[in-house]
Amino acid sequence: MLRVYGLGDPVLDIVARVDHGLLQRLGAEPGGCVPVTAKEMAGLLALPEVQADVKRVPGGSAANVMKGLASLAGSSSHGGMNGSSGHGGMNGSSDGGTCSAGGGTGARLAVHFVGMVGGDDVAEEYERSIAAHGVAPLLLRHSPREATGQGGNDSSAAMAANGSAAAAAQPTATCLCLVTPDGQRTMRTSLGAALQLRQPEQLPQPLGGAAGTEAPVQQAGGQQADGQQQQGQQQPASSDAASSHGASAPWALLHCEGYCLYRAEVAAAAMRAARAAGARVSIDLASFEVICKCWGRLDHLLQDRLVDIVFCNEQEAQALCQAAGVALPADCPADRAVAAAQAYLLSRGASTVVVSRGSKGCVAKSADGGEARAAAGKVAVVDTVGAGDFCTAGFLYGLLSGASLQACALSGCTAGTAAVQVAGAELGPDRLQQLRSAIGSILLAAGPGGEPAAAAAAAAPS
């Protein structure tokens, strides 16, 4: 068994199916993503149109990747990235990672997720749901130094800022996703407590921080179960079972979402802890906005040799070239921009760079000169949400299983192809078993570090 940690923002996704008329009344641009305050979020959630048809699932990019890894490793009874709050809790998943794709050809994993939640019922809901997906939650609960009861402003500027020392009580992060009949998703996000993970010392001990697991669970406003007030500390919201899950297994991977770059000191501390333990580090660049605002921080992490594997898409590859000053001709073809971004990242210290290209599959390059290309399956696309994270999970699962670069790329595209065929990357037991078998065939055909047979590449579920 191998230990895996994900670091990112725990965000409860609240998916509501609405008509275009609601967007018009809200003055919301279809497809946009706008930060809102906790108070504004509460008002949106109270709308009858939102309450009529709603689904709540644990989300966040790194959390989604961890759910994907747990699904492929067989530690989840759920078929996919997203789940709901009513499917059991921590006790039902403490033995996660005891199975693997293809009946033993893949890695056995103990999967953990680290992030900060608030002192509210949403935190408990998030913990139960992500645990039911086979992921051990190492969730820190925000305990403000001064619980004023006033909501914060979750703007992009707030994400980048250090913030005041006296933080008000913040709720667990939520994202309202308004889905119109045409499949378009318009989002409103309130990051709340997730923004309060600002200092390396707040991280749990496995990731190099000082937060232990022996203290009483922190309740809203910093009130402990024994009635004593301990303001200004972040106590773990999760049980000892989560932190001890797979504790004796070697630490193999730390995966960070790109939004961690807004708090680069925290990410760097976790990466150094992973390095000291002999684990590899991967990061998904998240969005072109993150690259534009945080390129300098990412470059420092690369130069310090703290990042092994970088994931991005075509748009992010082009944004990276612009941010890094890589010269590209006007109207540069996407293929050339992708190759330039990969070459640059490899020159800065990354060992592997993977670029997802939507319906065109993915391309991966390594520092030793290796290159792999995999095509996406030609299937009817139902929903692309979560597909990118599921592709990342598939690639990383191949990597953790000791597969070649080509087999990893095929595993990633196979997982991504499966995800787009269902809503919310929720595969269901039958489709998930098909996916596990397909990836197992890829890994078995390749052998340790080998090249997969063409037949395995055609084994993707349809």
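The questions and answers below go through salt bridges and helix contacts in this predicted model.

Q: How many salt bridges does the model have by the rule used here?
A: The rule asks for a side-chain nitrogen of Lys or Arg within 4 Å of a carboxyl oxygen of Asp or Glu. Counted in this way across the predicted model, the salt bridges come to 10.

Q: Which parts of the chain are tied together by the pair Asp 9 and Arg 263, and how many residues apart are they in sequence?
A: Asp 9 and Arg 263 form a salt bridge in which the closest N and O atoms are 3.3 Å apart. Asp 9 lies in the loop between strand 1 (2-7) and strand 2 (11-17), while Arg 263 lies in the loop between strand 10 (251-257) and helix 8 (264-276), so the pair ties together parts whose separation in sequence is 254 residues.

Q: Is Glu 125 buried or exposed?
A: Glu 125 forms a salt bridge with Arg 56, the closest N and O atoms being 2.9 Å apart. This pair links distant parts of the chain, with Arg 56 in strand 4 (residues 54-59) and Glu 125 in helix 5 (residues 121-132), 69 residues apart. Arg 56 has a relative accessible area of 32% and is partly exposed, whereas buried means under 20%. Glu 125, at 9% relative accessibility, therefore counts as buried.

Q: In the salt bridge of Asp 308 with Arg 275, how far apart are the closest N and O atoms?
A: The pair links distant parts of the chain, since Asp 308 is in the loop between helix 9 (288-303) and strand 12 (309-313) and Arg 275 is in helix 8, 33 residues apart. Asp 308 is buried, with a relative accessible area of 12%, while Arg 275 counts as partly exposed at 28% relative accessibility. Between Asp 308 and Arg 275, the closest N and O atoms are 2.8 Å apart.

Q: Which residues are linked with Arg 357 in a network of salt bridges?
A: Arg 357 lies in the loop between strand 13 (352-356) and strand 14 (362-366), and at 11% relative accessibility Arg 357 counts as buried. Leaving out residues up to four places away in sequence, Arg 357 touches several residues, among them Ala 334, Val 338 and Arg 373. The network of salt bridges links Arg 357 with Glu 314, Asp 335 and Lys 360.

Q: How are helix 12 and helix 13 oriented to each other, roughly parallel or roughly antiparallel?
A: The axes of helix 12 (residues 387-400) and helix 13 (residues 405-419) come within 7 Å and cross at roughly 150 degrees. Angles over 145 degrees count as roughly antiparallel. Helix 12 is therefore, relative to helix 13, roughly antiparallel.

Q: How are helix 4 and helix 12 oriented to each other?
A: The axes of helix 4 (residues 61-73) and helix 12 come within 8 Å and cross at roughly 50 degrees, and the crossing is right-handed. Angles under 35 degrees count as roughly parallel, and those from 65 to 115 as roughly perpendicular. Helix 4 and helix 12 are therefore, to each other, oblique.

How values were computed: Residues are numbered from 1 along each chain as its sequence is written. This is a predicted model: local features need pLDDT of at least 70, side-chain atom pairs count only at pLDDT 80 or more; totals for chains, interfaces and linings use all residues. Side-chain values use heavy atoms; hydrogens and water are left out. Helices (H or I, at least four residues) and strands (E, at least two) are DSSP runs, numbered from the N terminus. Buried means under 20% relative accessible area, exposed over 50%, partly exposed in between (1.4 Å probe, protein chains only). Axes are lines fitted to C-alpha atoms, for helices over the stretch in contact, and angles run from 0 to 180 degrees between N-to-C directions. A crossing is left-handed if the near helix is turned anticlockwise from the far one by less than a right angle, and right-handed if clockwise. Contact means heavy atoms within 4.5 Å.
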